[in-house]
Amino acid sequence: MDYTLLIVQMLNGLQLGLLLFLVASGLTLVFGILDFVNLAHGSIYMVGAFICASLTLWLGNFLLAVVIALPLTGAVGYAIEVLVARRLYDKDHLDHVLGTFGLILVLDTLAHMIWGPAGITVPLPAWLDGQVEIFDGAVIPTFRLLIIAVGLAVAGGLFWLVNYTKLGMLIRAGASNRTMVAALGVDIQTLFALVFALGAMLAGLAGMLIAPITTASIGMGGQIIITAFVVIIIGGIGSMKGAFIAALLVGVIDTMGRSFLDSGFALFMSRDAAETAAPAVSAMMIYILMAAILAFKPQGLFPPKVR
Amino acid sequence: MTKLPLLQVAALRKSFGGVVATDDVHLDVNKGELHAIIGPNGAGKTTLISQLSGALMPDKGSISLDGVDITSAPAYKRARLGITRSFQITSLVMEMSVLDNVALAVQARKGSSFRFIKPARKIAEIRDEAMTYVRKLGLRKRAHEPTSALSHGEHRQMEIAIALASEAELMLLDEPMAGLGPEESRLLTDFLLELKGSRSILLIEHDMDAVFALADRISVLVYGRIIATGTPDEIRANSDVRHAYLGEE
Amino acid sequence: MLKMNKTGWVTLIGMAALAILPPLLLLNGQAFYMDLATRLVILAIAAVSLNLILGFGGLVSFGHAAFIGLGAYAVGIPAYHSMWGGFDLIASSNGLLHLALAVGVSALFALITGAISLRTKGVYFIMITMAFGQMAFFLFQSLEAYNGDDGLTIDLRSELPFLNLDEPMQLYALSYGSLVLVMLLVRMIVNSRFGVVLQGSKGNAERMVTLGYNPYVYRLTAYVISGAICGYAGFLLGNFTTFISPDMMHWTRSGELMFMVILGGVSTMFGPVLGASIFILLEEVLSSFTTYWHLPFGLMLIGVVLFIRGGLMGLFKGKGE
């Protein structure tokens, strides 16, 4: 086995996992506190990528663009909360799903109208565009290291938020219990809108970080949202810790599957058969993982305490 | 041999986190007996019933019905073996009619429901029998109305009608009088009195007049433990019970 | 004297219109409308089958497009091999084989995914069915042998006894007849002893357990029936479009299917058909005006969720129905 490749792919898996965590954490935050299922979360991820892409092209500076795009994406989230989501809270989950499905169509079409159908490539500054040799022969793009660093920093920030702040206390209390939150003297409407905006910023950040690698494009939200769902199902819906562990698990397993499954299969089947079977199995791997975990823990790895 | 109790509960224990809700409970219900459980709020009465019906699994101890161990049997299997329960908080299929609700209970014991062809509401054998129970509880006029349209008192009556229709040997009744007015309570007490002897009943009830009028035996549950079991007269005279109640209220 | 309520009349008139109008338009040389109607009727079959578990079982399945896709590939893959060789076991243009495969594979997929999904409730169930649907999407996307993402053209339609599916009129007749049969089948199931237990489990599962029913097995059975019917709709759709791709299974397709059911009204027989009709017609009309037709469409979806309770069929219901 090629250990250098193994380590590089581990890092790639870690990077994918951390991006997934950014998306999934917002989703699980909104669900945990607002008891709201937001399919359009992926579209906010896309909006973040597009805003950042436009700003990068306009300002010529990717990092500055991210800094400005973050509050803008948060504002988009805030607006969505006030205009649509807020009116859906007291309806059932089926209505959430359908309403936010409509929201996806609206957001994706608006993005199409504003930014066109083609997608935008986001240029990186030279110092981020290079590669770093971590050790002998193991080379990894600098930008991917940045994603890992940012992902870990945000994860750390979220853990602080969940464990040491009043907002975190509400989250841990399973605050979909609105009467209790109200009893604590919190202005619920504002709190909910802020949580929603925070979730949007997290998703948007993930979109901004992925855009230089894959381009900002219309379909990107629809792809990540399902994987993010898989992550929070495995982790336990509403659990931040669960989302983190599950995101890394999914990121690493998916990456590893795609890169090593064919050589693994070739050990016990013909090369041809392995080349056919490996992509099929690796495409399904995270879903099989999800099914396997649910078979033992139907509520995920870290189920919310009382619902 | 006929002396074997229908329901035998031994050393039952259940805790939630650090709180012990059921603590070494021994209990039995004889055939045809009405055994009441009383105790202050929070004594763990509903938790106990839930373990008997299978909605909750105990941590320790055993439950057997007619000599068959059912400690780990799932709820629907226990129902098939002859345990039914009514709920403290009304639990009915609100979207369906009164008759439909009762008919589901009759249908459940008339063999498999994996029948896809004949319309369920056209099977006279089931509908007629369900109607007799509806009538028995005085709901004849409302039989075809959606359950959601009925009053709280009528819902309580439906719970009893369903428990009867299931023809279970053992009925676990969780505060059937809860929320009823005095007149309704009295009617229900009379009804249970009439029923007594033909079914075995484990009754949880706060209405002490009803309990002392109905029960063959009474067990007193305090903080998850049974502190006394005996006839109504014995319980009345028991100093521990007086102490537990006086200390509590 | 035949006595019928408003809902009954709407159903009768709607079904009569679907029976008469498209063939008339085709005879007048308007093949386009025939195409539209065929697609509509096929999707209506899928919507009716989804309604069995969504409307009557209370199970919000967000992965039903996968069954349509599986059904369509059950036509495409054997047809492909009968044309280009290989996979002798199923290489055939025999429609009955395609049909058996479509229904069988869908039922099997429903059994396996349902057995896992139904252990969960509520939001978990929505997301897991969605994930399994997407799993099927990615699986077919990765199958290079069948062109992966680019999809597969079906060169030969299924060969059935007495029917020539190359004839639009005959394909429509088969699809329409199937819709009527599926509606009757679902109505029969819903009203049966099985059906009342399924509906009881939707209303109050705890109560059903107390009566001795195990809701899980009833739900799983309904899920498999629903998946199998949906697979059948896929069989028809494959024969209609003669082009299949993983896109048929994408989760947004499942969302559209669900929208049809909700739009028309759950727990009614004609609701899903009405929903599918409005969906298809609206899609057609809006997309002829603007390429950005998803925008008004999405806004409308949000509006339906916010303002219309019980779907459009709810508007036809009289009091006490």
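**An open strand and its surroundings**

Author: Strand 1 of chain A covers residues 131-135, and the number of its five residues that are buried is zero, so the strand lies largely in the open. Here a residue counts as buried if 20 or more other C-beta atoms, placed from the backbone, lie within 10 Å of its own, as exposed if 12 or fewer do, and as partly exposed in between. Strands (E, at least two residues) and helices (H or I, at least four) are DSSP runs, numbered from the N terminus.

This is a predicted model, in which local features need pLDDT of at least 70 and side-chain atom pairs count only at pLDDT 80 or more, while totals for chains, interfaces and linings use all residues. Residues are numbered from 1 along each chain as its sequence is written, and chains are lettered from A and ligands numbered from 1 in the order in which they are written.

The partner of this open strand is strand 2 of chain A, residues 138-141, which runs antiparallel to strand 1 of chain A and is joined to it by four bridges. Two strands are said to pair if DSSP finds at least two bridges between them. If you look for one of these bridges, A:Gln131 has A:Pro141 in strand 2 of chain A as its bridge partner. The two strands form a hairpin with two residues between them, and in this hairpin A:Gly137 takes a positive phi near 85 degrees.

Taken along the principal axes, the C-alpha atoms of chain A fill a box of roughly 60 × 50 × 35 Å. Whereas strand 1 of chain A has zero buried residues, buried residues make up 48% of the 307 residues in chain A. Two residues are in contact if their C-beta atoms, placed from the backbone, lie within 7 Å. Of the contacts in chain A with a separation of 6 or more, 78% are between residues 24 or more positions apart.

Chain A also meets another chain, for 36 of its residues are in contact with 38 residues of chain C. On the side of chain A that touches chain C, the elements giving two or more residues are helix 3 (62-88), helix 4 (93-115), helix 10 (220-235) and helix 12 (271-296) of chain A. Helix 4 of chain A provides the largest share, 16 residues. Sorted by class, this side of chain A has 26 nonpolar, seven polar and three charged residues, where Ala, Val, Leu, Ile, Met, Phe, Trp, Tyr, Cys and Pro count as nonpolar, Asp, Glu, Lys and Arg as charged, and the others, Gly among them, as polar. Among the two pairs of chains that touch, chains A and C have the most contacts.

Chain A does not touch chain B, and their nearest C-alpha atoms are 11 Å apart. Chain B does meet chain C, with 20 residues of chain C in contact with 28 residues of chain B. The side of chain C that touches chain B draws two or more residues from each of helix 6 (168-191), helix 7 (193-203) and helix 8 (205-210) of chain C, and helix 7 of chain C gives the largest share, seven residues. By class, that side of chain C divides into eight nonpolar, nine polar and three charged residues.

Elsewhere in chain B, four strands form an open antiparallel sheet in the order 2-1-4-5. Its edge strands, each pairing on one side only, are strand 2 (19-29) and strand 5 (68-69) of chain B. Strand 1 of chain B, residues 7-16, pairs with strand 2 of chain B in the antiparallel sense over seven bridges, and B:Lys14 has B:Thr22 in strand 2 of chain B as its bridge partner.
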